[in-house]
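Visitor: I've got a new structure open and I'm a bit lost. Please walk me through it.

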Amino acid sequence: MKSLRRYVDRIKPNFQEGGKYEKLQSTFEAFEAFLFVPNKTSQIGTHIHDAIDMKRTMAIVVFALLPATLFGIYNIGYQHFVSLNEIYTVGFWQIFWFGFIEFLPLVVVSYVVGLTIEFASAQIRGHKVNEGYLVTGMLIPLIMPVDVPLWMLAVAIAFAVILGKEIFGGTGMNIFNPALVARAFIFFSYPSQMSGTSVWIADKPDAFSGATPLSNIALGNLSMPDFHDLFFGFIPGSIGETSTFCILIGALILLITGIASFKIMFSVFLGGYFMSLVVNFTNINFYSQIPAYEHLLLGGFAFGAVFMATDPVTASQTNTGKYIYGFLIGLLAILIRVVNPAYPEGMMFAILIMNLFAPLIDHYIVQANINKRLKRQT
Amino acid sequence: MPESKIIKIKKGLNIKLEGEAEKIFIKEPLAETYAVKPTDFRAVVPKLDVQVKEEVLAGTRLFHDKKNPKINFVSPISGRVEAINRGERRRIIEIIIRADKEIRYKQFEKIELENISKTDLINKLLKAGLWPFIQQKPFNLIANPDDKPKVIFVSGFDSSPLAPDYDFILHDEKKSFQKGIDVLTKLASGKIHLGVNARFPLSKLFKQLKGVEIHEFLGPHPSGNVGIQIHHINPINKGEKVWFVNPQDVVTIGRFVEKGVYDASKIIALCGSEILKPRYYKIINGTSIKNIIKDNITQNKLRFITGNVLTGTKIQSKGYLGFYDSQITVIPEGDQYKFMAWVAPGFKKYSNSRTFFSGLIPRKKYKLDANLNGEERSFVVSGQYEKVFPMKIFPVFLLKAILANDIEKMEKLGIYEVCEEDFALCEFVCSSKIKVQSIISKGIDMMLKEMN
């Protein structure tokens, strides 16, 4: 590693002010810090620091996304071959390879577009490049239908990163979860391409339905896949969202490492389950008759609960607030899904709405603390 | 003594570091030079009373506070003023005294506590330079002798990493400690609150102490911080003042009453992973650390700290002990690049998060250096500070109010109850590497400016 370090030190002056490539300073520093944790020591304040940093934090989230990603890749191939009625004739690796080839361009577009904007805005502002996009860049392809056209994806990402994040001041300052902003953008901008039955399975024959379980019901096919398929994720849907099982493995990683908030995750499921039980008593439509636990396996509910609602920047910041925030997300997600079946994407809306209200929740909790202090004074 | 209720501190963190001082006393011969550093006192504007080359006794006034001229700062040692070092804008940073072979004390009148009035007592303490030992919350200032404190507080233990054990240090100082407490009782016109560590049985010294109300605290650092203890017993409201004194400074005050001299000898722990033989040293306050660390440190590039690793001040290898400090810590500087350290499994890394494998197989003790282990970012992760911050205050909201220069909000969120040291663990665990203590300092400076 010493020779690599020497090489980096040698080329470094080119990227600093006055150097040949000074416009790439932020980019260079980002890559340098990626390779080497800097030699900077503390000059003021605590002399020792915890080993964790933002890179480690984000890397753990990406790691936790791996099971859902790998399964998502497999499921792309699986759904494709099922639609062709060839699933019994192909082997595991063939299925996986097909999925991989379909998935790879999405990830590449996501990181290239997103990181380019991140690097550029870091350079303009003279900031360091924040690691937040490492996670966002992985989340975005996972919540997309597999057949999303790449240009649409690119536009959505540009929108999400610039208007969803950078104009607020970058990672840590944004109000809405950037990944969900991308999803919402695509959902509203290209509704004809993005809903219905055409996008969920790659290269499927036209005759095959290919609807997600929830949109299937909206189409009038009042049937549900069996529990096994739902739980393990052998259903059409956004790439990373289908397998509740794999998402729960990710959840376990996040909770053991303490990166994601248990308070939020738990209360989202609780809120969702509670609302599902409530709608079970009504008879609005077929959605309200789905057993409560199955609601939690559908429509990206688990994925949203584990990876989206727990985004610390856009969630509630106070410990009590996290319970309220999570519970309301779960509640709203099911409510939107049942009451307005045109939006099976209830989870996405629920989280975005609660992103908006998280500061308000915190405001009241902080205010309670302030009032207590004032009361003590008199 | 009546049994007291144990106050449990649940949040916090004990960082177990290598190099704890062994319980062996070493009586250190006098150092060549000593220093008094005006920078050890917040908001004090020093006005010099001595010149270079002037002879001083232990107890001779070196400077006083321009804003409150009654507060004197005296020499801990007899000798000759060797240098007055100034920093930016000619600000005085240290007054260095070359010590005599033997200490000569300036003799003050002895004090008979039974007969002296409170005003006279205060004046005597002020004159002899003992007043700076009496500090106030909010904001860790030197107490204003004209104020009436709500209570006076002494924390009888230090919970910070590698902290000296006061039971051990105070063992032979029973008489002086009691005398010091008597002085404080007179100042407080009431009982003195003493915070003790409930993890260990009450020391004989504390048990026999008169005129104190004992509060037992159980839990990790920062349970020993006087600010945390006050918060749990009698939180500070706007306009209120609480005075506090460090245990060893109580002894110094006591000795003054007994002998009528400014005897600033104290015991410090020399500790840290880079000290070959970590021990306790009996020294005079303000000593140069040069001789103490001689032949007792490793060959690595080192960081010398007066105080502990969380709140202490970086000094040179020939630097001086801080006025209120009771330990010198030496750790590796750690200014090396670390290849891909953020993906490494990290069996030897220490983290309060569970993101490294060291979380699965914890070591008994860790060797930490001064590397930041990452780059500074904006606030991203939430809930991190709350795990190590045992106060009913929202740390991040308070910090953001300070960053926004919103004084009203700072007051509402509890700026009067906190000081830098209470946030030290927040800064340690921060994955965004935010300089939390500096932000608090900024907030306190803002408040002081506003109040004047």
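**Strands, chains and domains**

Visitor: How do strands β12 and β15 of chain B pair, parallel or antiparallel?

Guide: Strand β12 (residues 152-155) and strand β15 (residues 242-244) of chain B run parallel, with two bridges between them. Pairing here takes at least two DSSP bridges. Strands are DSSP runs of E with at least two residues, helices are runs of H or I with at least four, and both are numbered from the N terminus.

Visitor: And what am I looking at overall?

Guide: This is a predicted model, where local features need pLDDT of at least 70, side-chain atom pairs need 80 or more, and totals for chains, interfaces and linings use all residues. Residues count from 1 along each chain as its sequence is written, while chains are lettered from A and ligands numbered from 1 in the order written.

Visitor: Okay, back to β15(B). Which residue of β15(B) stands opposite B:Phe153?

Guide: That's B:Phe244.

Visitor: What order do the strands of that open sheet in chain B take?

Guide: Seven strands line up as β1-β14-β13-β12-β15-β10-β11 of chain B, with mixed pairing. At the edges you'll find β1 (6-8) and β11 (141-142) of chain B; each has a single partner strand, so one side of each has no neighbour in the sheet.

Visitor: Which strand of chain B does β3(B) pair with?

Guide: β3(B) goes with strand β9 (residues 92-99) of chain B, antiparallel, over four bridges. In that pair, B:Tyr34 faces B:Ile97.

Visitor: Switching to chain A. How many helices are there in chain A?

Guide: Chain A has 16 helices, plus one strand. Its radius of gyration is 22 Å, close to the 21 Å from the globule rule for 378 residues, so chain A is as compact as a globular protein of that length. The radius is taken over C-alpha atoms, and the rule is 2.2 Å times the number of residues to the power 0.38. Along the principal axes, the C-alpha trace of chain A spans about 70 × 65 × 35 Å.

Visitor: What does β1(A) pair with?

Guide: Its partner sits in chain B: β1(A) pairs antiparallel with strand β21 (residues 338-339) of chain B over two bridges. There, A:Val37 is opposite B:Lys338.

Visitor: How many residues of chain A are in contact with chain B?

Guide: 49 residues of chain A touch 62 residues of chain B, where contact means C-beta atoms, placed from the backbone, within 7 Å. Elements of chain A that each give at least two residues to that side include α2 (25-35), α3 (54-83) and α16 (346-377). By class, the chain A side has 20 nonpolar, 20 polar and nine charged residues. Nonpolar covers Ala, Val, Leu, Ile, Met, Phe, Trp, Tyr, Cys and Pro; charged covers Asp, Glu, Lys and Arg; the others, Gly among them, are polar.

Visitor: What domains does the assignment give for chain A?

Guide: Domain 1 is 27-33 + 53-259 and domain 2 is 261-378, with bounds from an automatic or database assignment. The C-alpha centres of these two domains of chain A are 22 Å apart. Their contact uses 35 residues from domain 1 and 27 residues from domain 2.

Visitor: Which helix gives the largest share of the domain 1 side?

Guide: α11(A) does, with seven residues of the side of domain 1 that touches domain 2. That side of domain 1 has 23 nonpolar, 10 polar and two charged residues.

Methods
Two residues are in contact if their C-beta atoms, placed from the backbone, lie within 7 Å.
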